[in-house]
Amino acid sequence: MDGTKNTFDPPNMSRRHLLRWSGAVASVALAGVMLPNFGISEALAADLGGGDIGILNYAYALEQLEAAFYTMVIASPYVGMSKREHAILTDIRDHEIAHRRFLKKNLGSKAIPSLQVNFAAVNFSSRNSVLTTAKTFEDLGVSAYNGAARYIKTPGYLLAAGKIVSVEARHAAVIRDLLKPNSNSFAGPDVVGAHGLDVVRSPGKVLAAAGPFIKSNVTANNLPGV
Amino acid sequence: MNQHIADHVFSDIDPDMIERLTVNKRELFRQAVIRLGGLASAPLVLAAASQQAFAGGIPKKIVDTLNFALTLEYIENAFYNAGLKRGVVPARYRAIFKIIALHEAQHVAFLKSALGSSAVKPPKADFTAGGKYADVFSNFRTFLTLSQTFEDLGVAAYKGQAANLMANGDILTAALQIHSVEARHAAEVRRIGGKKAWHGAFDEPLSKAAVLAAATPFLKG
């Protein structure tokens, strides 16, 4: 991932092979290293599922990605990480782990397996690389929950999504402030539009953006909004 | 009202105030409901070009919910406009509060446009809460305390109302897009105040009654 990139403009692709396609791209990025899942038939891939289960698995996949990312951030802190930054990033790690656990528990036997992630594009020793990636994940998470809510049929799941999304938005604001202190970046015009509305992305767009970070073979054949 | 949640939202307001807010203030509450009343059921058009048309206009439940949201946005909008005008915000934080003020003004305009002739009028606000916060526009700490209260209250309010908007995907999405902006505001205001930007891994909702009870001390009768 480009260290300065903060927007996602996914290319067109067929929904059937969304994440598999992304996995293939990730293998190219790794300079020819063959990924273990590469070439496995789709019959062996996990599918997120449809309806509310599909949306919950979709959220679960994103929370797995975030939790894995912050776990690595705290396991190998970047050069010059301040005490305050360490405390913030530890809190965020714990929140994402709690979200992951919450979704897994609610999905029960319908949960997709634990995903293998690929953070080859992140330089974990660089503050800018880590915080820029964090900003990307948090803003993506906010837009993902905002975009998926309309497909949720069960009021209790909608409330659960609401309880998570505003915490992701709080994370996004704090990370953005670490990158540009005391500016309007925490809710800057790149994420809050003309009517004072936060970014919203369909599940299809979010998965295309998240795909390069996910090694596992996952399909979204039945997910609403893809 | 869930006391645990109340503690989060009102953590910076003195205990006496919390007592007043969480006790059932029947008369003040009745007035607030009247103020929110007169909710017409005329056909409405969502500002963001709703794709989902309702045969008989937008359902009353949605109109009521949007007017509830609009009332909160009116309060926030008036609060930040007054704060910036009175110069209570130090220069180093002005860019932050200017964009917060801009967003609240945009939320007011958006909701008014969505509601059309059914939109409620702005309430008359008293940000000193009857003298309790007399220095709200001269002491930045006081201003910050109320700002945090309004932002956390907004987050909890939108969250609590989301299920009432499920009948219209476009309106639900727009409300959630406002909800996460309020959460960004809340985090930043808390950060300025030297506090954690969050209460934990999950943000809790508040019911409409609890939100109105919290907002009522800042409304003139």
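**Helix packing and chain contact in a predicted two-chain model**

Helix 4 of chain A and helix 5 of chain A are roughly antiparallel to each other (angles under 35 degrees count as roughly parallel, over 145 as roughly antiparallel, 65 to 115 as roughly perpendicular and the rest as oblique). The model is a predicted one, in which local features need pLDDT of at least 70 and side-chain atom pairs count only at pLDDT 80 or more, while totals for chains, interfaces and linings use all residues. Residues are numbered from 1 along each chain as its sequence is written, and chains are lettered from A and ligands numbered from 1 in the order in which they are written.

The axes of helix 4 and helix 5 of chain A come within 8 Å and cross at roughly 150° (axes are lines fitted to C-alpha atoms, for helices over the stretch in contact, with angles from 0 to 180 degrees between N-to-C directions). This crossing of helix 4 and helix 5 of chain A is left-handed (the near helix is turned anticlockwise from the far one by less than a right angle; clockwise would be right-handed). On the helix 4 side of chain A, the residues in contact with helix 5 include L131(A), A134(A), K135(A), E138(A), V142(A) and Y145(A) (contact: C-beta atoms, placed from the backbone, within 7 Å). Their partners in helix 5 of chain A include A161(A), I164(A), V165(A), E168(A), A172(A), I175(A) and L179(A). By class, this contact between helix 4 and helix 5 of chain A holds 12 nonpolar, three polar and five charged residues (Ala, Val, Leu, Ile, Met, Phe, Trp, Tyr, Cys and Pro are nonpolar, Asp, Glu, Lys and Arg charged, and the others, Gly among them, polar).

Helix 5 of chain A also meets helix 3 of chain A. Here the axes come within 11 Å and cross at roughly 155°, so helix 3 and helix 5 of chain A are roughly antiparallel. The crossing of helix 3 and helix 5 of chain A is left-handed. E85(A), I88(A), I92(A), H95(A) and H99(A) of helix 3 meet I164(A), V167(A), H171(A), V174(A) and L178(A) of helix 5. Six nonpolar, three polar and one charged residues form this contact of helix 3 with helix 5 in chain A.

Chain A as a whole has six helices and two strands (DSSP runs numbered from the N terminus: helices H or I, at least four residues; strands E, at least two). Along the sequence of chain A, these elements follow the pattern α-β-α-α-α-α-α-β. Of the 226 residues in chain A, 50% are buried (20 or more other C-beta atoms, placed from the backbone, within 10 Å of a residue's own; exposed means 12 or fewer, and partly exposed lies in between). Among contacts in chain A between residues at least 6 apart in sequence, 77% join residues at least 24 apart. Helix 6 of chain A, residues 203-210, is mostly covered, with six of its eight residues buried. The buried residues of helix 6 are P203(A), V206(A), L207(A), A208(A), A209(A) and A210(A).

The loop between helix 5 and helix 6 of chain A contains N182(A). Phi of N182(A) is near 55°, a positive value in a residue other than glycine. N182(A) counts as partly exposed because it has 15 C-beta neighbours inside 10 Å.

In chain B, A129(B) likewise has a positive phi, of about 50°, although it is not a glycine. A129(B) lies in the loop between helix 5 (94-115) and helix 6 (140-161) of chain B. With 19 other C-beta atoms within 10 Å, A129(B) is partly exposed. Helix 4 of chain B, residues 60-86, packs with helix 5 of chain B, their axes coming within 8 Å and crossing at roughly 150°. These two helices of chain B are therefore roughly antiparallel. Helix 4 of chain B passes helix 5 of chain B in a left-handed crossing. The residues of this contact in chain B divide into 15 nonpolar, five polar and five charged.

The contact between the chains takes 34 residues from chain A and 39 residues from chain B. On the side of chain A that touches chain B, the elements giving two or more residues are helix 3 (83-107), helix 4 (127-148) and helix 5 (155-179). Helix 5 of chain A gives the most to this side, with 15 residues. The residues of chain A on this side comprise 18 nonpolar, 10 polar and six charged. For the complex, the predictor gives an ipTM of 0.84 and a pTM of 0.83.

Chain B averages a pLDDT of 82, and 74% of its residues score at least 70 (pLDDT is the predictor's confidence in each residue, from 0 to 100). Over residues 1-8 of chain B the pLDDT is below 50, and this stretch has 10 contacts in the model beyond near neighbours in sequence. Residues 12-53 of chain B also have a pLDDT below 50, with 71 contacts in the model beyond near neighbours in sequence. Where pLDDT is low, the predicted coordinates should not be read in detail.

Terms used:
Contact = placed C-beta atoms within 7 Å.
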